[in-house]
Amino acid sequence: MKISIREKIFLAFVIFIGLSALIWARSYYSQYILNQKIQIIERKYDLLNTILEARRYEKNYFLSFDKENIVQALDYARQAEDILRNILTKYSKYTLAKNLDQRINEVVTYKESLVALLKLQEEGYLVVPPDTIELIRKQGKILTSELEKIVKKESQFVQDLIGKSKTIHLLALVPVFILSVLVALFLVFNVNRPLKTIENAITKIASGDFNNIPEIKTGDEFESLVVSLNNMIDELNKRSKQLIQAQKLASLGRLTSGVAHELNNPLNNISTSIQILIEEIEEDDLEYKKELLVGAEKEVERGKEIVRSLLEFARERTLTLKQVNFKDLVDSAIKHVKSEIPDNIHLKVEVPDNIQATVGLRIKSVIINLITNAVHAMKDGGDITIKAMNEFDRKGFSFQVIDTGEGIPQNVITKIFDPFFTTKEVGKGSGLGLSITYGIMEQHRGNISVSSEVGKGTTFTCFLPFRQSEQIEL
Ligand SMILES: Nc1ncnc2c1ncn2[C@@H]1O[C@H](COP(=O)(O)OP(=O)(O)OP(=O)(O)O)[C@@H](O)[C@H]1O
Ligand SMILES: [Mg+2]
């Protein structure tokens, strides 16, 4: 049966309220009974006291034979009868003394004996027969002892009830406690855990891992949420594949037209030189012919350079990883370009020697490309600074190549990583340097970014993980 989280929480809530209502009702009932009992005890104490008063006057009479004592005793006996009848009508349900009728009979008999005694007195009998005295005393005694027993019994019952109520209250806390623990466990297992799974999955998606989330079989809102998320991931994957395909086609087009354009110029020049040579083959002007041939060779060199760059662009599809000290890699790259750095450019290296990483040696080409570009951007000289630092929390390190050159205008900065994009004059740059650099950084699961201000300089910032997770294909 599928129960939604809302229904589960509602159910727990109803059980909780039901249990609380039961405990409350039980405690209200105990309170009510207790109240009744206390009233009964008060009434019975009154009764006992009234009987004791009657008996006191009865005893006084037998000492003094004063008629007034009998009148008083009789009065108290009547009051006792009234109290007893009142208890019987009002509290019969709650009293423990079930044979109160018997007690009424006893009071009535006692009262009648007193009436008979008063009659004797009024008729002028001065001596009361001893058996009458004995009878009245006996009746009084029975009555008081019975009433004392009843009062004692009721008091005991009240004490027991108070003790029982305490225990019941304590015991009632047990199911409440168990239910609270169950509700807490329910929230942990049914709400917190699936939420954590979904949170982890979303973090993965945010970091670019578009794998489907494992299904949760909870039968509630979480299950449908995971299904919806997986649909969304599938759709994202489909869209990103379409996008990659479109980008591939676009860059293939750019690459083809770039190659065609770049190779067309030197080929045209070579063709023109050859045509002139063919036409003027008979002429004696050797100097001119040599000039044409040297020109054609230069164009061939340019063509070869373009082809070399293209090969570099497409080369080394698999990374060959090596454990290196990054400072050594930087030093080796600097050695490579040292001869191309004019005297008016000052190179500063701020790279600590504690950066150890496992990277492909093509990272050296990245540093060379960035330094070369910086040199080309500083026709009037300036500073190039190479900085690097460990970033342990990101499990990698970053490095920067900073120059004080001409900077990159805003409308150009978005294109610098495109293949064949160059601002250099024809024959000076192929425009492949940064696109190769970008590819190498991607291949290492790293990244490269640029910030620049025209007239002030440019900073290229790169990040590389310490280790490559697998052999990566470009
Ligand atoms: N440090 C820099 N300062 C200013 N502009 C830069 C800098 N680095 C790159 N650029 C701009 O980006 C363009 C593309 O650079 P990229 O390295 O890809 O090609 P390139 O240097 O022109 O040619 P090559 O293929 O010979 O490297 C450059 O032509 C230049 O306009
Ligand atoms: Mg370059």
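Thr422, Thr423, Lys424, Ser430 and Leu434 come nearest to ligand 1 among the 19 residues around it, where a residue is near a molecule if one of its heavy atoms lies within 4 Å of it. This is a predicted model, in which local features need pLDDT of at least 70 and side-chain atom pairs count only at pLDDT 80 or more, while totals for chains, interfaces and linings use all residues. Residues are numbered from 1 along each chain as its sequence is written, chains are lettered from A and ligands numbered from 1 in the order in which they are written, and side-chain values use heavy atoms, with hydrogens and water left out.

| Residue and part | Ligand 1 atom | Distance |
|---|---|---|
| Aspartate 403, side chain | nitrogen | 2.9 Å |
| Lysine 424, side chain | oxygen | 2.5 Å |
| Glycine 431, backbone | oxygen | 3.0 Å |

On its own, ligand 1 has 590 Å² of accessible area, of which the protein covers 90% (Shrake-Rupley method, 1.4 Å probe). The shell contains eight nonpolar, nine polar and two charged residues; in this classification Asp, Glu, Lys and Arg count as charged, Ala, Val, Leu, Ile, Met, Phe, Trp, Tyr, Cys and Pro as nonpolar, and the others, Gly among them, as polar. At least two shell residues each come from helix 8 (363–376), helix 10 (433–443) and strand 7 (457–465), these being DSSP runs numbered from the N terminus (helices H or I, at least four residues; strands E, at least two).

An automatic or database assignment divides the chain into domain 1 (5–188), domain 2 (236–315) and domain 3 (316–474). The centres of domain 1 and domain 2, taken over C-alpha atoms, are 120 Å apart.

The structure has 18 salt bridges, each a side-chain nitrogen of Lys or Arg within 4 Å of a carboxyl oxygen of Asp or Glu. In one of them, lysine 44 pairs with glutamate 154, with 2.6 Å between the closest N and O atoms. Because lysine 44 lies in helix 1 (residues 5–64) and glutamate 154 in helix 4, this pair ties together parts 110 residues apart in sequence.

Mean pLDDT (the predictor's confidence in each residue, from 0 to 100) is 86 for the chain, and 96% of the residues score at least 70.

Definitions and conventions:
A polar contact is a pair of N or O atoms within 3.5 Å; within protein, one must be able to donate a hydrogen and the other to accept it, and residues adjacent in sequence count only if both atoms are side-chain atoms.
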